[in-house]
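Colleague: Please take one part of this model and go through it closely. I would like a plain account.

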Amino acid sequence: MRFGRGGRGGRRFRLRLGAGLRVPRVPLAVMGAILTVIVTWTVHEALQPGPWQRVFATREGLTGRRLATGAVIQPGDRFVALPHPCALRRDVEVSYQGRALVVPVLDVGPWNTDDDYWSNGQRPAAERGRGAYRTPVNRAGIDLSDATFATLGMRDNDVVEWRFVHRGYIPLPRLASGER
């Protein structure tokens, strides 16, 4: 019996499907090209920003307090809080009146700790006055740190738009026609 690549005298086996059908041989280069296209497309799709969420935003404040990530809020820290732990340490783009900023999610809140409204296409539970962590006193679906609030040019709590983005994402100016 001979092992190896089947050189001279080696047997070649072919899979037969039905009456005389043979499985075509696909050259390695073609399989590599197909795999490259699939991997490239998968990475491209993963790097696309998520859909925009339009919600009421409040200023978190709380300088000196501990965040859900364990860090202590320092003056000048830019971050947001979303109401579910699955968002922690992800980056979001926040937009307000033509200004955009990419910041990490470092806290859970403002009113809920288990409301991942963005993943199921719903509105924040706080808009309905529901709170799992504490009773909402406003309809905020996102909290902004003092520095994020100031950088966006906000003077009072207001509606913002936000979306998840990949690490290293650079916000580009949005089209004046309102395209998203």
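In which loop is P110 found?

Modeller: P110 is found in the loop between β6 (99-108) and β7. The model is predicted, so local features need pLDDT of at least 70 and side-chain atom pairs pLDDT 80 or more, while totals for chains, interfaces and linings use all residues. Residues are numbered from 1 along each chain as its sequence is written, and side-chain values use heavy atoms, without hydrogens or water.

The peptide bond between G109 and P110 is cis, with omega about 15 degrees. Most peptide bonds are trans, and most residues other than glycine have a negative phi.

Strands here are DSSP runs (E, at least two residues), numbered from the N terminus, and two of them pair if DSSP finds at least two bridges between them. Strand β7 (residues 142-144) runs antiparallel to β4 (residues 80-82), joined by two bridges. In that pairing, V80 stands opposite L144 of β7.

Two other loops contain a non-glycine residue with positive phi. L62 has a phi of about 60 degrees and is found in the loop between β3 (53-59) and β4. R89, with phi near 70 degrees, lies in the loop between β4 and β5 (91-96). L62 is partly exposed at 42% relative accessible area, where partly exposed lies between buried (under 20%) and exposed (over 50%), using a 1.4 Å probe and protein chains only. R89 also counts as partly exposed, at 48%.

Key. Helices (H or I, at least four residues) and strands (E, at least two) are DSSP runs, numbered from the N terminus.
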